[in-house]
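Subject: Structure handover

Hello,

Here is the structure I said I would pass on. My notes on what was found in it follow below.

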There are 2 protein chains.
Amino acid sequence: MRIGIVGGGQLARMLALAGIPLGIRFSVYDPAPDACASTVADLVNGDFEDLVALKAFAKQCDLVTFDFENVSASALAELVARCPVRPPPLALSTSQDRLKEKALFAALGVPVAPHCAIPGDIPANFDFPAILKTTRFGYDGKGQIGVASRDALDAAHAALRDVPCVLESKVAFERELSIIAVRNMSGDVRCYPLTENVHANGVLALSLAPARVTAALQKQAETIAVRVADALEYVGVFAIEFFDVGGQLVANEMAPRVHNSGHWTIEGAVTSQFENHIRAIAGLPLGDCSARGVSCMLNWVGALPDRAAALTIPGAHWHDYGKQARSGRKVGHMTVVAECRGQLDERVRERLSEFGESGGVLCDLLDLVNLNRTGD
Amino acid sequence: MRIGIVGGGQLARMLALAGIPLGIRFSVYDPAPDACASTVADLVNGDFEDLVALKAFAKQCDLVTFDFENVSASALAELVARCPVRPPPLALSTSQDRLKEKALFAALGVPVAPHCAIPGDIPANFDFPAILKTTRFGYDGKGQIGVASRDALDAAHAALRDVPCVLESKVAFERELSIIAVRNMSGDVRCYPLTENVHANGVLALSLAPARVTAALQKQAETIAVRVADALEYVGVFAIEFFDVGGQLVANEMAPRVHNSGHWTIEGAVTSQFENHIRAIAGLPLGDCSARGVSCMLNWVGALPDRAAALTIPGAHWHDYGKQARSGRKVGHMTVVAECRGQLDERVRERLSEFGESGGVLCDLLDLVNLNRTGD
């Protein structure tokens, strides 16, 4: 079996690394001649909008998936006649449009932040401060801007080139959580434990898993995950990001793919999100999503810190994506696994100072997580 | 950094899968155009005796290692002038020659079975039954034959084409154990927990880890591993196979490479033998060798059983080597990890019957392990 992945970045790379032991081969489709998944997959270069090239790519594959949200959903939908595309393009097109996504959440009774379309009418009772987000093509904090008051809206919209946007009231959340889940073709859904996430400059900086939450909160998240996945007839792994507002989950957005906040599952869960995505789309039995110990995932953004220093930490696992260093670019991550929170704290916090400036930033972020500690 | 691996089989494949996340790229040198490591490494086809081609291969690499014992040690020794070769060719040449290997064990005070060179004099007190083994080029039970009495020796030797052999008294062992260990360039050695191994037709059928042994037996094995590795100024992962004779370890042979009885470490240890080999030869800090739960590794010999049935077992991890099915060939393995022996038994033994004939054989072998149960 050969699986084609549209997009050849680190997610495709980690999907192939997980899928190769299952006896599956991979091709990736990406415009970049140095797409980092090419180390473990056959690379086909092409534009994401080039339907002819995409069809030729699909012809070589037994099924097609994607590692990237901003691929053309309509192009993928056209491939369905040629070979299975999983997850279904409907999931992709829904998550590509913040208004559609919020409409789906709302229709399923999943709480979302107060919001409205821009251009459009702003309800009289709309609460500022708010965030203006482009309806499409946003990721990692790109395509969004804070709006302190109604008066600041026009300037903010102009800064986003007046494209269609969603204006969202800022949610006074205690912390950010995400759930990674997987659904197979029979409709079975398995969920990983919730993950606590900390962002810096709109980009995920670190994740802690399992999150320190009550069983009720975990259940709340799983119920939402099942409802959303069923509505989309989803197949594969997906993530839903939440705000925790006093024990009530407010959905922020979903990602119809393996997710950065699930990277800890490679070493910190019985079956990784990458393997479970492959299992689901290939029609294989789903794997156990239970955590093994407790994990802290640290993202390397811009450049990698010293690998040898990092690898002296017991339970540390290094993931270099094989990408050129560039400001703001995710170039790797490290997961540290420990038996308990205390040991994890020793292993991570006490060693981060050795990681120069980025280590200092991560220390501060870890403190932030601690301040918000609940449900431990 | 690019590491060259001489030999492109499943060990090279699993080395590359472990090393790629560390940011390392791989080339493999193998005569087979379909060498299974080529999925994750650049393949260079060439004969193992072709020194010119091997030198050209080494020139493309920052360092060279091997996944295979029967590569020419003298050819590797010649590469040392060009780039580092780790483990050192001395370790390879020692392990390639059963007489040299036993002489090393004996010189280090490591117990070995009574033995003598054939052709050569047989000591008067030599005990039969014995096993006649070719001095070189034996693996997986190939190149050996049982010898019931002195009268049967000539016929046995003729069956092995009268090549130089070692005649070994059969050791009345309770079970077979192996230790996997890793030594870095500074001389630090780390050992995995002992593994219990069961062979069928000379080929490893299954491994259980950690072995049910006393701390004293583990210590005995570790002392031997350190002594052997230091004597060879070894760098990388190696294995020593033992017979357990009433709590006394008798060394059978060593393998100067990652070893089939260490495959369980991929999911069953904090750091896999594959990652630790790469860490050691690349000059990176060694990883933690502690076990995570208990593991049972089942070898797929000849053909793969039903993958989907296997993957319904919780904690099961599938490893398809991407090789053509062929009688007697190792084509994959599965490791089942559990929290305790009882859970492992439930997960493996109760499900093996679904694996047809090979499952039945494995059930019988598991019973054998149980009969020999000690130190639990």
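Asn201(A) is exposed, because 10 other C-beta atoms lie within 10 Å of its own, and a residue counts as exposed at 12 or fewer. Please keep in mind that this is a predicted model. Asn201(A) sits in the loop between β11 (195–200) and β12 of chain A. Its phi is positive, about 55 degrees, although the residue is not a glycine. Most residues other than glycine have a negative phi, and most peptide bonds are trans.

Asp162(B) is not a glycine either, and its phi is positive at about 60 degrees. The loop that holds Asp162(B) runs between α6 (153–159) and β8 (165–169) of chain B. Asp162(B) is exposed, since 11 other C-beta atoms lie within 10 Å, and the cut-off for exposed is 12 or fewer.

Next, the cis peptide bonds. In chain A, the bond from Ala209(A) to Pro210(A) is cis, with omega near -10 degrees. Pro210(A) belongs to the loop between β12 (203–209) and α7 (215–231) of chain A. In chain B, Ala209(B) and Pro210(B) are joined by a cis peptide bond with omega of about -10 degrees. Pro210(B) is in the loop between β12 (203–209) and α7 (215–231) of chain B.

Now the two chains together. By what turn can chain B be laid on chain A? A turn of 180 degrees, with a shift of 0.0 Å along the axis, does it with an RMSD of 0.0 Å. The two copies are therefore related as by a two-fold rotation axis. In chain B, the C-alpha nearest this axis belongs to Val40(B), at 2.5 Å from it. Both copies use the same surface, as 100% of the contact residues of chain B recur in chain A.

The contact between the chains involves 24 residues of chain B and 24 residues of chain A. On the side of chain B that touches chain A, α10 (307–310) and β16 (316–320) of chain B each supply at least two residues.

Domain 1 of chain A gives 17 residues to the contact between them, and domain 3 of chain A gives 16 residues. Which elements of chain A each supply at least two residues of the side of domain 1 that touches domain 3? They are α1 (10–19) and β4 (63–66) of chain A. The largest share of that side, 7 residues, comes from α1(A). The side of domain 1 of chain A that touches domain 3 of chain A consists of 10 nonpolar, 4 polar and 3 charged residues.

β5(A) pairs with β8 (165–169) of chain A in the antiparallel sense over 4 bridges. Across this pair, Cys116(A) has Leu167(A) of β8(A) as its bridge partner.

In chain B, 4 strands form an open sheet with parallel pairing, in the order β3-β2-β1-β4. Its edge strands, β3 (42–45) and β4 (63–66) of chain B, each have a single partner strand, so one side of each is left without a neighbour in the sheet. The twist in this sheet averages 25 degrees from one strand to the next. Strand β1 (2–6) of chain B pairs with β4(B) in the parallel sense over 4 bridges. Ile3(B) has Leu63(B) of β4(B) as its bridge partner. Helix α2 (51–59) of chain B lies across β1, β2 (25–30), β3 and β4 of chain B, and runs at about 175 degrees to β2(B).

Regards

Conventions:
Residues numbered from 1 in each chain as written. Chains lettered and ligands numbered in written order. Predicted model: local features only at pLDDT ≥ 70, side-chain atom pairs only at ≥ 80, totals over all residues. Least-squares fit on C-alpha atoms with pLDDT ≥ 70 in both. Contact = placed C-beta atoms within 7 Å. Nonpolar A, V, L, I, M, F, W, Y, C, P; charged D, E, K, R; others polar. Pairing = 2+ DSSP bridges. Buried ≥ 20, exposed ≤ 12 C-beta atoms within 10 Å, placed from the backbone. Axes fitted to C-alpha atoms, helices over the stretch in contact; angles between N-to-C directions.
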